[in-house]
Amino acid sequence: MNPHRYRLLDLEIDPARQRVTRDGRPLDVQGLSFRLLACLLRHGDEVLDFDRLIAEVWAPAVVGEETVTQRVKLLRQALGDDGRQSRYIRSVRGRGYQLCAPPQVLQAPAAPAPRRAHRSWRLAAAAAGLIAVAIAVGGLLLRPAPARRPDPPAPATTQELLQRAAYYAGIGQRENNERAIGLYRQALAVSPADAVALAGLGRAYGARVCLYNFPYEWATRAQALAEAAIRADPRRAAAWSALAYAHDCRGEIGPAVAAYEHALALDPSDDASRASAAYLYQEQGRLAEALRANLDMRGDPARVRFREVQIARELELLGFTDAAERRYRASFQLYPDNVFSNIAWPRHLFLQGRFKEAQEALDQALARGTPHVDLYVLGGELALLRGDREAARRAFEQARQLRPQMSLPTTLAALYGTTAAAPDWLDERIARMRRQLADGAGEPGDHLELALLQEARGRRADALRSVATAVQAGYSDRAYLQASPLLRGLAGEPAYAASIDALSRRVAAQRAQVLAADWRPADLREAR
């Protein structure tokens, strides 16, 4: 037990007695709250990130960042602190927590000197001691030996931790992804350079962003972990796949495709990377390649999450509407916890102009507890089609609150807010998006967001050129360009129709390629 006592501003903390006082009056700081405070004290005014706090306060228990945040809140309440005007513990955005002032170490109280006793009392005490020893020895001889306590269970090995982490990561739910993160962290605490643990943790951090609406900074951490795994083992396909996923979550399609293809070159049986690469081929407008990659699974296709939804999407974009609908409907029914199934079915109905059915499916999807920006954006578009601008505003604002770091929800919340977006704000946002797109960041669909901003600023010619650029970059959703109320202001322009025609010609050529291929799905054998 730490013998030191600490002073933190007007608090005095005694770790040995687990006691916190202010002006001599004890505060109710106990259990995990005290352990958290003691951890911060040990590190002075150093910023401690979530990983460090979890390792030192909660391990071996597996917890997520929400648990840490909630415990900090409870500790602040016990100390009488205010998170908005922190006095004792401050949040450091994007990094973690630290004490607001360096703690002072107080000298431990000296043990009281033993009192000198009279000699006769010492003799009496010695005699009494001998008698007590004799009685104790006799009692020990007569008393049966205590039962031997069983040995504590052996700690899990790194291999066991990694196997269990991979199991949780493969389930595909937020709470299980957090369990996987905790186990990967424990493995790295034992073996900091383990390539499997580094790649696994990087992949799980990427899932936080791509699937569970965490801030983009976790994709940056994911990339750093994947790169560390590659340095530790350059020929490990999973490390390259984790790197690709990090790029994908940041909207960097080119580097993501390259890393996925490198992973497949190292391990041609890596079906998860093949399906992920196929999704990005789809985003680049390479629909026939995407479909073939998703059909070319080397192992059990059922083990590849989201594959059926991807195949349905590729068939939809290629114009095989009936085949796509069968897959969307089945996936929506069979996988209520699959966020992409929950998005895909109501979106399909929306693109087919079946708006009432789309709203019913959307309401069902929202009740399933898989929140996603696309669900709220679709809700806003359906509200606009009903003429309910206030409902659209609320839906876009919900999307923005769910993923405040994401560009499109912020744009829509501003364009459909209670007050008109300021011209200066629009100019700054347009300039920023143009720089990002020029640097190769983003997806073809991001040019459509730029078109919305330019149209709102009164630059219709620029907006139409952005739509054309989206199509040239591979954007392939003709139905969306025709159905979305967001783009209705441009839909009557000849240049807009020309972009749709160019898209249609490209997709028609790929549709013919699929129909002529011997690898086409069985339900397309009779399609024309």
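**Notes on the predicted model**

1. Of the 528 residues in the protein, 46% are buried. The model is a predicted one, and its secondary structure comprises 24 helices and seven strands. Among contacts with a separation of 6 or more, 56% are accounted for by residues 24 or more positions apart.

2. The sheet deserves attention. Five strands make up an open, antiparallel sheet, and their order is β4-β3-β2-β1-β7.

3. The pairing of β7 may be checked at the level of residues. Three bridges join β7 to strand β1 (residues 5-8) in the antiparallel sense. Within this pairing, arginine 5 has leucine 106 of β7 as its bridge partner.

4. Most residues other than glycine have a negative phi. Leucine 9, in the loop between β1 and β2, has a positive phi, near 55 degrees. Aspartate 23, in the loop between β3 and β4, likewise has a positive phi, of about 55 degrees, although it is not a glycine. As to accessibility, leucine 9 has a relative accessible area of 42% and is therefore partly exposed, since that class lies between the limits of 20% and 50%. Aspartate 23, at 62%, is exposed.

5. Which cysteines form a disulfide? A search of the whole structure returns one such link. The partners are cysteine 210 and cysteine 249, whose sulfur atoms are 2.0 Å apart. The pair connects distant parts of the chain, 39 residues apart, with cysteine 210 in helix α7 (residues 195-210) and cysteine 249 in helix α9 (residues 237-249). The link is left-handed, with -125 degrees about the S-S bond. Cysteine 249 has 7% relative accessibility and so counts as buried. Cysteine 39 is also buried, with a relative accessible area of 0%.

6. Is glutamine 223 buried or exposed? The residue lies in helix α8 (residues 217-232). Its relative accessible area is 13%, so glutamine 223 is buried, the limit for that class being under 20%. Apart from neighbours within four places in sequence, glutamine 223 is in contact with Leu243, Ala246, His247 and Arg250.

7. The surroundings of arginine 90 form the last point. Arginine 90 belongs to strand β5 (residues 89-92) and is partly exposed, with a relative accessible area of 31%. If residues up to four places away in sequence are not counted, arginine 90 touches Arg76, Gly96, Tyr97, Gln98, Leu99 and Cys100. Arginine 90 and alanine 101 are eleven residues apart in sequence, and the C-alpha to C-alpha distance between them is 9.7 Å.

Notes: Residues numbered from 1 in each chain as written. Predicted model: local features only at pLDDT ≥ 70, side-chain atom pairs only at ≥ 80, totals over all residues. Heavy atoms only, no water. Helix = DSSP H or I, 4+ residues; strand = E, 2+ residues; numbered from the N terminus. Buried < 20%, exposed > 50% of the residue type's maximum accessible area, 1.4 Å probe, protein only. Contact = heavy atoms within 4.5 Å. Disulfide = S-S within 2.5 Å. Pairing = 2+ DSSP bridges.
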